Amino acid sequence: MRTSSLKDRLAAAGAVFRERHGTEVVSRFADPRAECGAVRDAVGLTDFSFVRVYSLPEEKGIDFLDARLAGNVPKIRFGRVLHTFLADREGYLAADCYVANNDREFIFICESILPDGGLDALLAAGAGESAVEDLTANHVVLSLDGFKSWEVVKKVFGPDVLGLPYLSIENHTFEGEPVRFLRAGKTSEFGYLLIAPVKVAPSLFDILNSEIQQRGGRLCGVDAHDNLRLEGRFFNIHAEGLRVRDPLPLGLQWMIDFDKENFSGCAAIKQRRAGGLKKKIVGIEAAPGCDALKDGARIFHEDREVAEIVASGRSFVLNQPLALALFPVELAYSGLQFRLGAPGGPVVKSISMPPIMPKSLTVKLDEM
Amino acid sequence: MQTMLKSVGAPAPEQFKQLIARRAQVIKTFKEELIHRLNLPYSPEDLHEDVSLLGSGLGLDSLDALEIVLCIESCFKIKIPDGDIAVLRSINTVVDHVIEQQDRKGGRA
């Protein structure tokens with residue numbers, strides 16, 4: 001099982017670990033409510049070294065990545081990041097991906113639901129000379145998320161980082177070592193992904209941890225991120241992605257360039273698209289005390305079972321359970337009332353997502 | 001934003017159908033106009049109603065946001081308050097705002 005090079009530090013800070021798709025991740029440090037609250041009101045620091053990171057030279061990287069990914073890689077402008085996915089040959093999700101055009105290289109970040117070996121096989125298949133350099137083993141990936149995350153990066157890397165637009169990449173240095181710096185994140189608050197060499201990872205982690213603590217922040221685990229993604233209606237490949245696998249009912253068409261003639265799973269996805277959408281996911285809320293809104297639970301309309309819960313969690317902002325359910329398209333609308341578990345079960349309601357307004361959207365950095 | 005869910009009886013089948021029909025019509029109008037005005041390379045069916053309009057998702061910029069506001073105002077004859085970006089988070093949040101404003105105009109609020 002792959003582990004983070006920061007494992008000792010994370011364990012010393014109280015991390016609870018678990019295995020996910022052949023990789024060890026930090027599940028949580030404390031109460032996920034406190035960790036979610038830190039991201040919404042201050043800042044959270046999370047070890048994201050479970051992702052796979054690759055570097056490809058620009059001239060070979062374009063063809064290699066474009067032949068595999070659903071998005072249009074040649075259209076990524078210098079310094080920008082594309083959010084797309086990697087599918088298997090049948091057009092089912094394998095990885096949620098960021099691709100960054102970073103000067104003379106492409107940085108390719110994979111959050112995969114396949115074990116490392118499966119992802120390697122999928123990347124090895126198909127056209128194009130790879131020249132892929134796998135950075136995963138000798139780099140760490142740290143995610144800073146939250147309303148005050150910009151304060152932390154400004155303190156550590158200087159004020160220039162504040163001008164970075166969402167889905168962009170820049171190169172900075174820390175203790176003389178290069179740090180690839182992405183403005184990204186899937187919590188709906190300000191977010192940054194830092195890709196740093198293992199050599200400086202402990203000292204970078206320590207200084208970031210110190211800075212977040214001074215601002216009321218916390219170390220976070222992936223359980224908190226599962227809730228934050230659901231609450232912010234960011235796609236979560238480890239939740240609804242894993243249960244549904246088909247990008248079309250999940251609403252990921254925006255990640256696909258349908259004009260592309262080929263990418264991994266292209267023919268199957270286009271065939272399903274041509275056949276028409278049969279189901280799609282819809283947000284669901286339940287009363288605060290309802291504990292039955294769980295993955296796999298069934299939703300009823302009158303006496304008919306009409307949908308299944310494919311992702312569930314809790315919004316600590318709204319203090320109520322939230323979920324995503326897979327509905328037939330004719331019922332996939334928000335504002336409708338259903339029953340959970342049985343025709344006479346608890347009332348649940350389909351809702352418009354995202355149901356919260358993140359603090360970060362109310363802040364203008366250039367006015368601070 | 002929070003809705004307290006009460007265990008009330010299910011809406012009558014006809015009322016349930018009307019809710020869907022009304023929402024479906026607003027969504028259809030908005031999606032078609034959005035695709036036309038912004039020249040988006042998608043069919044209406046490709047646009048999930050929860051997809052983020054700005055930033056991630058469709059990745060529209062501030063100029064596009066202005067176009068979306070004009071689109072809503074001309075299609076539905078309602079106003080978007082200046083700086084109210086909460087309305088523009090997704091197609092569904094736009095549709096919620098349209099229905100709410102239409103209800104107010106019609107005295108049903």
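**Conventions.** I number residues from 1 along each chain as its sequence is written, and chains are lettered from A and ligands numbered from 1 in the order in which they are written. As the model is predicted, local features need pLDDT of at least 70 and side-chain atom pairs count only at pLDDT 80 or more, while totals for chains, interfaces and linings use all residues.

**Entry 1: the two chains.** I looked up the contact between the chains, counting two residues as in contact if their C-beta atoms, placed from the backbone, lie within 7 Å. Helices (H or I, at least four residues) and strands (E, at least two) are DSSP runs, numbered from the N terminus.

**Entry 2: the domains of chain A.** The domain assignment gives domain 1 (7–229) and domain 2 (231–351); such bounds come from an automatic or database assignment. Their centres, taken over C-alpha atoms, are 26 Å apart. I note that 34 residues of domain 1 of chain A are in contact with 29 residues of domain 2 of chain A. On the domain 1 side, strand 5 of chain A gives the largest share, five residues. That side divides into twelve nonpolar, ten polar and twelve charged residues.

**Entry 3: the core.** The largest nonpolar core has 132 residues. Such a core is a set of buried Ala, Val, Leu, Ile, Met, Phe, Trp, Tyr and Cys residues joined through C-beta atoms within 7 Å. A residue is buried if 20 or more other C-beta atoms lie within 10 Å of its own, exposed if 12 or fewer, and partly exposed in between. Strand 6 of chain A supplies the largest share of this core, seven residues. Both domains of chain A give residues to the core, so it lies between them. A:Leu142 is one of the residues with the most contacts inside the core. Setting aside residues up to four places away in sequence, I list among its contacts A:Leu45, A:Phe48 and A:Leu204.

Entry 4: Strand 1 (residues 16–20) and strand 2 (residues 23–28) of chain A run antiparallel and are joined by five bridges; strands pair if DSSP finds at least two bridges between them. A:Val16 stands opposite A:Arg28. In this hairpin, with two residues between the strands, A:His21 takes a positive phi near 50 degrees. In helix 2 of chain A, the buried residues include A:Pro32, A:Cys36 and A:Val39.

**Entry 5: backbone details.** I looked up A:Arg233, a residue other than glycine with a positive phi of about 55 degrees, in the loop between helix 7 and helix 8 (240–244) of chain A. A:Arg233 counts as buried because it has 28 C-beta neighbours inside 10 Å. A:Glu302 also has a positive phi, near 55 degrees, but counts as exposed with 11 C-beta neighbours inside 10 Å. Lastly, a cis peptide bond joins A:Met353 and A:Pro354, with omega about -5 degrees. A:Pro354 lies in the segment after strand 19 (347–351) of chain A.

Technical notes
Nonpolar A, V, L, I, M, F, W, Y, C, P; charged D, E, K, R; others polar.
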